Amino acid sequence: MTVDQLPGRVREFASYLNGLLARLDQGGGWCAVFWQRDPDGMQACLGGREMPPWDVVEALLQDLATVHGTEAAAREAEQARRLHADALAAYDNRPGARQDLSDRLDVTLREQRYAAERLAQLGRALDSAHSREQAEALHIDLAWARDDHERASARCAELRARMGRLEHRAEPAGRPPAETLTVTPEPAPAPAPAKQRKRRRGSARFAGLAEDEAATGVAPQVAPRTPDASVPEAATGRRTPRGARFAGAVEAPAPPEPVPAESDEESGRAVAAAVEMLERLRAEGRTGEAHALLAEVALWPAARFPLLADALQRTGLGADWATLLWEAASLPPARLVAAADALTAAGRTDDGRQILRQGVARPAPEIGEAVLALDTEGRHREARALLDTYVQVRPPEEAAHSAEPDPQRLVPLLLRSAQQISDQRHWDLLHALRVAGLAS
C-alpha cells in the first residue's frame with residue numbers, strides 16, 4: 001500500500017509522528033532505544049504502514065518532556081492520544097485486520113511470558129548475589145526485564161481492546177457473536193498451536209512486522225566494522241545507535257570477510273580506547289552516545305570480551321558490562337557461542353552462561369533454524385551448546401516448537417539435550433513434542 005492509498009487518519013498520524021521525532025534527539029532517550037531495537041518497525045510506523053503501540057508514543061512524549069518541559073509534553077499528549085485513537089480505528093478497518101491482531105496478540109502473549117520468566121530468574125539471581133558489582137548489574141537487567149513485561153502487558157490489553165471493537169462492529173453485520181471470537185490468553189506454560197502462523201520479528205518494544213512487510217526505507221542499518229578500528233564509530237559523535245541488537249540472527253545478511261586474528265597488544269589498545277571513551281561519555285551525561293558505543297562494542301571479536309569485562313569492572317563501569325552482555329546476546333548464533341567460549345576460557349564462566357541464556361530468548365523456530373545452519377556447516381559443538389542452553393532455560397512447551405523447521409533432524413537433537421539435563425526434562429519435552437504434533 002502506497003502512502004497515497006493509506007486512510008487519511010493513518011496518514012495524519014504518520015505525519016504527526018514524523019514531526020514529533022524531528023523535535024527529539026534520536027540518538028538519546030527512548031527514541032534511541034526504539035531505533036536500536038526495531039529500526040524496521042520504526043520506519044514502518046513513520047511511513048504509515050504500521051501503527052505503533054501507545055506505550056511507544058508515550059515514551060517518545062517522555063523524551064519530549066526532557067527537551068521541552070513537562071507542560072509542553074502534557075499538551076502534546078492530548079493531541080497524540082486523539083490522533084493515535086483515530087488512526088487505529090481507520091487502520092483496523094482494513095481487510096484482514098482481525099486475523100492480524102490475533103497473530104500479534106499470540107506473539108505479545110509469548111513476549112509477556114518470556115519477560116515474566118526473566119524477572120523470576122533475575123530475582124533469584126539477585127538474592128544470591130555475592131558482590132555489590134554483581135547486584136548492580138542484576139538491578140540493571142531487572143529494570144529492563146520489568147520494562148519489557150510492563151510494555152508487553154500494556155500491548156496485550158491494547159490488542160484485546162482493538163479486537164473487541166472489531167467484534168462489536170461485526171455483530172450487526174451478521175457475524176458470529178463476540179464471545180465466539182474472543183481470544184483467551186495462553187495459560188503459561190500451555191503449548192502454542194502445533195501449526196504456527198507466520199512468525200513476526202521484533203522485540204517487546206514493537207510487536208514486530210511480518211517478514212514480507214519489512215520496511216526498506218532509511219532506517220539505520222548495520223554497517224560492517226573495519227578490522228583496524230580501535231574505537232567504535234558511535235564514539236565519534238554519530239547519533240545513529242547500531243549494534244548487536246539488530247545485527248540479526250537467522251535472517252542476518254552474509255557475514256563480512258574474515259578478519260585476521262589480532263595480537264593481544266592490539267586487543268588491549270582497542271579495549272582501553274573504548275573504555276576511556278565510555279568513561280568520558282558517562283562523566284558528561286551523554287547516555288545516548290554511551291549506549292550506542294556499547295552497541296558497537298558488542299559486535300567486536302569474541303577474544304576482546306574478557307578484556308572488556310575486566311576493564312569495565314576495574315573502572316567502576318560494572319553496569320555497562322551488564323548492558324554489553326545484554327547487547328551481545330543478540331549476536332548471530334555462531335558469534336554468540338564464540339563470545340561465551342571466550343568468557344568461559346578466561347574464567348568468567350557465569351558471564352559465558354549468562355550470554356547464552358539471554359541469547360536463546362528468541363522465537364522457537366528461529367532457534368531451530370540456527371541449530372540447523374550450524375549443524376549443516378559442521379559446527380556441531382556450537383549447535384550443541386546453543387541447543388543445550390535453550391532446552392535448559394525454556395519451558396518444554398516452547399522448546400518443542402524449535403523443531404518445526406525440520407522435525408526429522410531437530411527432534412533427536414532436542415531430546416539428546418533434554419536427556420543431559422534429567423530424565424524428567426526428557427519426558428516433559430517428548431510429551432510437548434507429541435502434543436505439538438512433531439513426534440510420535
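Guide: We can go from the overall fold to the core, then to rings and charges.

Visitor: Go ahead. What am I looking at?
Guide: This is a predicted model, where local features need pLDDT of at least 70, side-chain atom pairs count only at pLDDT 80 or more, and totals for chains, interfaces and linings use all residues. Residues are numbered from 1 along each chain as its sequence is written, and side-chain values use heavy atoms, with hydrogens and water left out.

Visitor: How many helices and strands are there?
Guide: The protein has 18 helices and zero strands. Both are DSSP runs, numbered from the N terminus: helices are H or I with at least four residues, strands are E with at least two.

Visitor: What share of the residues counts as buried?
Guide: Of the 440 residues, 50% count as buried. Buried means under 20% relative accessible area, exposed over 50%, and partly exposed in between, with a 1.4 Å probe and protein chains only.

Visitor: What about contacts across the sequence?
Guide: Take the contacts with a separation of 6 or more: residues 24 or more positions apart account for 74% of them. Contact means heavy atoms within 4.5 Å.

Visitor: Now the core. Which residues have the most contacts inside the largest one?
Guide: Trp321, Leu324, Val371, Leu387, Leu429 and Leu433, in a nonpolar core of 62 residues. Such a core is a set of buried Ala, Val, Leu, Ile, Met, Phe, Trp, Tyr and Cys residues joined through side-chain atoms within 4.5 Å. Apart from it lies another core of 28 residues, among them Val10, Cys31, Phe34 and Leu88.

Visitor: Zoom in on leucine 387. What does it touch?
Guide: Ile367, Val371, Leu413, Leu414 and Ser417 are in contact with leucine 387, leaving aside neighbours within four places in sequence.

Visitor: And leucine 386, buried or exposed?
Guide: Buried, because leucine 386 has a relative accessible area of 2%. Leucine 386 is in helix α15, residues 380-393. Not counting residues up to four places away, leucine 386 touches Pro333, Leu336, Val360, Ala370, Val371 and Leu374.

Visitor: How far is leucine 386 from glycine 359?
Guide: Their C-alpha atoms are separated by 8.7 Å, and the two are 27 residues apart along the chain.

Visitor: Switching to rings. How many aromatic pairs turn up?
Guide: Three in the whole structure. Rings of Phe, Tyr and Trp (its six-membered ring) pair if their centres lie within 6.5 Å; planes under 30 degrees apart count as stacked, over 60 as edge-to-face and the rest as tilted. Tryptophan 30 and phenylalanine 34 are stacked, 6.1 Å centre to centre with 20° between the planes. Both lie in helix α2 (residues 29-37), four residues apart, about one turn of the helix.

Visitor: Why is the pair of tryptophan 30 and tryptophan 144 called edge-to-face?
Guide: Because their planes are at 85°, with the ring centres 6.2 Å apart. Tryptophan 30 lies in helix α2 and tryptophan 144 in helix α7 (residues 132-170), so the pair ties together parts that are 114 residues apart in sequence. Ring pairs link Trp30, Phe34 and Trp144 into a cluster.

Visitor: Last topic, charges. How many salt bridges are there?
Guide: The search finds 23. A salt bridge is a side-chain nitrogen of Lys or Arg within 4 Å of a carboxyl oxygen of Asp or Glu.

Visitor: Which residue does arginine 151 bridge to?
Guide: Aspartate 55, with the closest N and O atoms 2.6 Å apart. Arginine 151 lies in helix α7 and aspartate 55 in helix α4 (residues 54-68), so the pair ties together parts that are 96 residues apart in sequence. Arginine 151 also meets aspartate 147 in a salt bridge, at 2.9 Å from N to O. Asp55, Asp147, Arg151 and Arg155 are linked in a network of salt bridges.

Visitor: What about arginine 113?
Guide: The side chain of arginine 113 meets glutamate 398 in a salt bridge (3.3 Å, N to O). This pair links distant parts of the chain: arginine 113 is in helix α6 (residues 97-127) and glutamate 398 in helix α16 (residues 396-399), 285 residues apart. Arginine 113 is buried, and so is glutamate 398.
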